[in-house]
Amino acid sequence: MSRRIVPDVETGKPVPRQRGYVYQKGRKKGDPWNPKERAYGRYRIDVPGEHRLKEVRVALGYCRDEMDAMLTLQEEMDKAGVLDLDKVRERLLPVVNFRTQAAWWLEAITSGEVVHSRKRTRIIANTIGSYSTAVAYLNEQIGDMPLASIDNPEARELITTMKAAVKDGRRRFSDSTISYYFRIMRQVISSHIDEKFRPVHRREWNLAAIGLPRVNPKNQRRPTMTPKEMTTLLGKAEGQYLMIYFLNLVTGMRISETVAIEIDKHIEPDCSIIYVRQQREKDVNALKPDLKTEAGLRDIDLHPDAAGILRNFIGSRKSGFLFQTANGTMLDPGNIDRDSLRPILEEMGRDEAGTRFNVFRRFREAVLQRSEARQILIDYWMGHSNPSMGDRYGKQLVEDVEYRQEQVKKIGLGFDVPPSLIGLRGLQSVDNGRNKEAA
């Protein structure tokens, strides 16, 4: 490395050895500088994995004198990272390509060696699966490139490729997906650390220059349904699928949480409260106690009419999964979507992209927001993280079961219950929650 970096004569600090060379075509050594002639520069740069330096020539335009040309060349060398000691060092280190580092990163996340940077907790399987999908595509584009060679120009080329990708006549990647894949690329590069646990490859990403799209949350696809559409959807569902949709509507639970409910562990005997303590692993028929967020561990209160419908559905059963296959195992959300939800949505003309189980969760959130319930209670029922000081001091509200039960009764369900469920409950009518109760 000493052939690249030497101590500065005055300060003794390490500096790059080379300074570059400027010239004008046809100008011999000793000839006066001609400001009317174009100037050019030449420097050498290390290429990861290669012993020899690569020579680079750049056009400098018209320069007033040789010193002006030299200063211009220094700017060009600085942009290329030739004068950055960290970049010089990283180019001289053993070559690690993106594919190799990404494989190590995914394995380290899975084993728990690498944890969530902010929460310091293990990353859940669903997130790891999402990371793996992103890495698989990134490997196709930049997998064989050394980490030291991936910088703003390479990122710009990647983003341009993703923007131009088309599948089935439509854009393959949305702006949010492009932004997400770029974030994964950054995380893989920064995961390569030295013996002092500092990133080997430091980058200053110019997001505007590389063309990274700015994601506007207001433009994100978040399909919603009206109360009338929800009643129609429930009316078309059958069997336990009907109860799954109904329970998701009145609780706002995630589908992975719903299919993991066990009767003897997570439901009050009178069905007034559901305890969310576990969820189903993505793509694996197994339980996991680690919920999506820490706030996911919660007790959800049911409206009295919803509790009555749930009691009737359970009947004399005392244990096992609330919703299960003929063999008594957990249901697969993918199968539920394929066999029931997707056909119903297609029949209703609501099978657009993004319309899946989260539509029930969004509906419940809207019902709660239209009510007079305190935000801390809404966040608690929905499993939202809210670290504000006021909510921490107001925690006693969510610990007061009587208060929660009173509030959920006032809020109601937010939709008309179809006859199939009214019959199950044994009522002539069920309060839809859209009319305020008499004081």
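Helix axes are taken here as lines fitted to C-alpha atoms over the stretch in contact, with angles running from 0 to 180 degrees between N-to-C directions. In this predicted model, helix α8, spanning residues 239-251, packs against helix α12, spanning residues 333-348, at an angle of about 70°, and the two axes lie 11 Å apart. Since angles of 65 to 115 degrees count as roughly perpendicular, α8 and α12 are therefore assigned to that class. The contact is formed on the α8 side by Tyr-241, Ile-244 and Tyr-245, which meet Ile-336, Asp-339, Ser-340, Leu-341 and Ile-344 of α12. Sorted by class, the residues of this contact comprise six nonpolar, one polar and one charged.

Aromatic ring pairs were also examined, and the count comes to 13. In one of these pairs, the ring centres of Phe-313 and Phe-323 are 5.6 Å apart and the ring planes meet at 40°, so the pair is classed as tilted. Phe-313 belongs to helix α11 (residues 304-314), whereas Phe-323 is located in the loop between α11 and α12, so the pair ties together parts that are ten residues apart in sequence. Phe-323 itself counts as buried, with a relative accessibility of 0%. Elsewhere, ring pairs link Trp-105, Tyr-131, Tyr-137, Phe-173, Tyr-180 and Tyr-181 into a cluster.

Two residues other than glycine were found with positive phi values, and both are placed in loops: Asp-168, with phi near 55°, lies between β6 (166-167) and β7 (170-171), while Cys-271, with phi of about 65°, lies between α10 (263-266) and β8 (273-276).

The side chain of Ser-371 reaches the backbone nitrogen of Ala-373 at a distance of 3.2 Å.

Definitions and conventions: Residues numbered from 1 in each chain as written. Predicted model: local features only at pLDDT ≥ 70, side-chain atom pairs only at ≥ 80, totals over all residues. Heavy atoms only, no water. Helix = DSSP H or I, 4+ residues; strand = E, 2+ residues; numbered from the N terminus. Parallel < 35°, antiparallel > 145°, perpendicular 65-115°, else oblique. Contact = heavy atoms within 4.5 Å. Nonpolar A, V, L, I, M, F, W, Y, C, P; charged D, E, K, R; others polar. Polar contact = N/O pair within 3.5 Å; in protein donor to acceptor, adjacent residues only side chain to side chain. Phe/Tyr/Trp six-rings, centres within 6.5 Å; stacked < 30°, edge-to-face > 60°. Buried < 20%, exposed > 50% of the residue type's maximum accessible area, 1.4 Å probe, protein only.
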